[in-house]
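Work through the exercises below with the sequence and the model open.

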Amino acid sequence: MTSVPKLNIPLHVKYIQSLGENKDDLTYHMTAHLRMNAIYWGLTALIVMGHKDALNREEMIDFVLSCWDDQAGGFGAHPDHDAHIHSTLSAIQILTMQGALDKLDIPRVTKFILSLQQPSGVFAGDSFGEIDNRFTFCAINALGLLGQLDKLDVEKTVSYIRKCKNFDGGYGAVIGAESHAAMVYPSLGTLSILNRMDEVDVDTLGWWLAERQLPNGGLNGRPEKLEDVCYSFWVLSSLSMIRKLHWIDADKLIAFILSAEDSEHGGLADRPGDQPDVFHTVFGVAGLSLLGYPGLVDIDPVYCMPAELIESMGLRTGWEALPRKAFTS
Amino acid sequence: MRVKSMKTMVLQVLPNFALARRAVNFPRLFISYHSNLQIQAIQVLLVREQRTFLQVSTIKQSALSPLMHGVKRIRYTQEALEALKQREKAKLKEFQALTEEVLTKKKAGDYSKDAFDSTTRLLRVNPEFYTVWNYRRNIMIHGIFPQCSPAEINDQLSEDLSMTTAFLKQHPKVYWIWNHRRWCLENVPDGPSEDDINADSRNFHAWDYRRYVLATMPVPRTELSELAFTTKKIEANFSNFSAWHQRSKLLSNLWESGKLDSSKSKEDEFELVLNAIYTDPEDQSAWIYHAWLIGNGNDASILNREIKAIQELLDEQPDSKWCMESLVRYKRMLLKNHGGSLSLDEKQRLYEECSSLLTQLQEVDPQRRRRYQEIAESLEH
């Protein structure tokens with residue numbers, strides 16, 4: 001590990017803190033539809049780096065609650081935006097990590113989540129019915145955190161995912177779709193939470209996932225595509241759920257993730273030389289954590305939240321990450 | 001006749017890779033001098049080279065987007081950043097005013113044509129504003145459609161389809177736009193009727209949308225014509241796994257329904273995919289498709305024939321990882337499924353070959369050596 005540059009934690013913490021500051025910026029306002037997710041990404045990244053308190057807890061909770069869509073019974077991404085399953089999950093994740101689930105009308109939001117399940121078993125993102133396995137995972141993940149999985153038709157949910165399985169062992173977003181690492185993660189996450197990993201063809205999927213690693217160490221999402229730091233999480237979390245994380249070269253991937261760091265202003269980008277953002281920052285550091293990178297907090301690859309917290313809630317599933325390494329001088 | 005390894009051939013056409021690299025700048029000009037087969041091979045190289053040499057187009061985006069892909073990092077001085085902000089100030093003001101206007105109308109339950117037009121203006125600026133797409137649909141459902149004839153509904157939805165076509169040219173990966181198109185099609189009184197369902201080569205949104213439209217058209221397009229579409233895509237680029245994937249789905253249906261003779265059709269597929277493999281033995285798309293064709297490996301004669309073909313390629317390209325990987329896969333299938341009809345010597349020979357290939361694989365593909373080790377260990381049992 002001596003040749004690998006060190007993750008510049010203080011700089012990344014500062015970067016995340018700075019994200020909410022420039023409110024006179026056009027892009028900041030143009031991306032309001034991602035605000036709730038961005039806060040979840042930022043908070044999780046901070047926790048993985050051991051700086052949970054770098055953002056103000058009360059302000060964060062207030063913001064989350066201000067995004068409640070009382071008509072739908074879920075959370076939007078921003079005040080006055082419509083409720084959506086993705087922002088609802090992020091809100092629940094933030095409240096869980098901040099120990100503030102008591103502020104939530106759990107029966108109401110559970111009803112909203114369950115209302116999104118379609119007859120086929122897949123979940124829609126909102127009342128307009130865009131469906132795919134990402135939304136199923138958002139729903140199952142949220143129900144897990146809220147302790148409401150007993151209200152779910154598990155077989156119906158699993159049967160849809162089963163139909164999305166392809167011959168390469170992977171899963172697509174919907175029935176018939178091509179396997180994609182960013183869709184394998186939510187499919188496996190759902191099966192893992194529902195204790196149905198027996199559905200997975202571990203050898204074939206492990207092969208397909210291991211082949212995502214490119215000669216430069218980075219991971220791609222599909223055959224013959226470019227590497228991207230966010231796949232460090234989609235692929236690694238999937239590999240750790242099937243306990244095959246050692247099937248790729250961890251040191252090379254660590255070096256790739258660190259090469260995407262903006263060493264001047266902080267944050268990680270999709271690949272070296274690109275503009276960093278909080279999305280790639282969290283999935284980069286979460287990937288590093290799964291790879292046993294020294295000095296980071298353990299992350300649960302299923303919920304993408306601190307492992308200790310998930311374990312304390314009794315939600316730990318059978319994943320395996322690499323043992324935490326020590327810094328060598 | 002199958003071509004000899006295309007890479008060898010390309011290297012004869014192009015004495016060195018540097019020339020291929022230079023060709024990146026003039027791909028059209030360059031390939032016009034060559035035959036189709038050579039073009040295919042050259043394209044393989046070009047695609048690889050483009051990844052390294054072509055600059056991703058720079059979209060001016062500040063550091064404050066929470067999620068970006070392929071946006072080159074730009075270093076601004078403090079002054080330049082200030083100047084940029086000044087220039088954007090007017091845009092920001094306009095955007096905020098429009099947002100305010102739309103959200104106020106939405107809260108008031110305004111389902112007028114005027115409100116509809118303001119959603120158009122806002123979505124043109126920001127097509128990711130999903131709340132505004134929702135509002136737009138609600139205006140159509142509750143405000144506009146009740147007063148419309150089916151033909152007028154059709155016209156309105158067609159207009160939204162062309163509007164989103166224009167949006168997609170600029171934002172091909174925005175889920176919300178694809179989602180709106182799907183909604184439009186679902187609400188066309190006579191069902192979807194789009195002719196123009198041409199997928200981008202790897203955009204999975206486009207492929208998903210295509211599958212959706214094909215499945216819901218009142219007069220379905222035949223699977224055979226869709227198969228021809230994938231052939232065209234594959235012939236244009238053997239690396240297009242999205243097209244191979246679509247092909248595997250179509251063929252499964254065609255074989256199951258008996259619309260295609262499965263054994264004859266399978267032979268054609270082996271021929272096609274082996275051509276792809278021989279063209280570029282490092283391209284995993286074709287190998288994955290080959291593994292699908294082999295399936296569980298229940299047919300010993302096919303297994304033996306394919307092993308022989310791959311072995312020939314390996315003899316020519318002795319460090320080909322995918323040849324070795326596939327040989328191990330198929331030889332293990334022989335042992336597992338057809339072990340009963342093999343002599344002890346034959347079995348022993350297969351074990352030894354697998355074991356030796358796995359040792360070589362650990363050398364040529366060290367990133368995945370632990371996987372090869374595990375398979376080697378499982379062989380002993």
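**Exercise 1. State how many aromatic pairs the whole structure holds over all chains, and classify the pair A:Phe233 and A:Trp234.**

Step 1. A search over all chains gives 19 aromatic pairs; rings of Phe, Tyr and Trp (its six-membered ring) pair if their centres lie within 6.5 Å, and planes under 30 degrees apart count as stacked, over 60 as edge-to-face and the rest as tilted.

Step 2. The ring centres of A:Phe233 and A:Trp234 are 5.9 Å apart with planes at 75°, so this pair is edge-to-face.

Step 3. Both A:Phe233 and A:Trp234 are buried (under 20% relative accessible area, 1.4 Å probe, protein chains only).

The model is predicted: local features need pLDDT of at least 70, side-chain atom pairs count only at pLDDT 80 or more, and totals for chains, interfaces and linings use all residues. Residues are numbered from 1 along each chain as its sequence is written, chains are lettered from A in the order in which they are written, and side-chain values use heavy atoms, without hydrogens and water.

**Exercise 2. Find the salt bridges between chain A and chain B.**

Step 1. The count is eight, each a side-chain nitrogen of Lys or Arg within 4 Å of a carboxyl oxygen of Asp or Glu.

Step 2. One of them joins A:Asp274 and B:Lys72 at 3.2 Å, N to O.

Technical notes
Buried means under 20% relative accessible area, exposed over 50%, partly exposed in between (1.4 Å probe, protein chains only).
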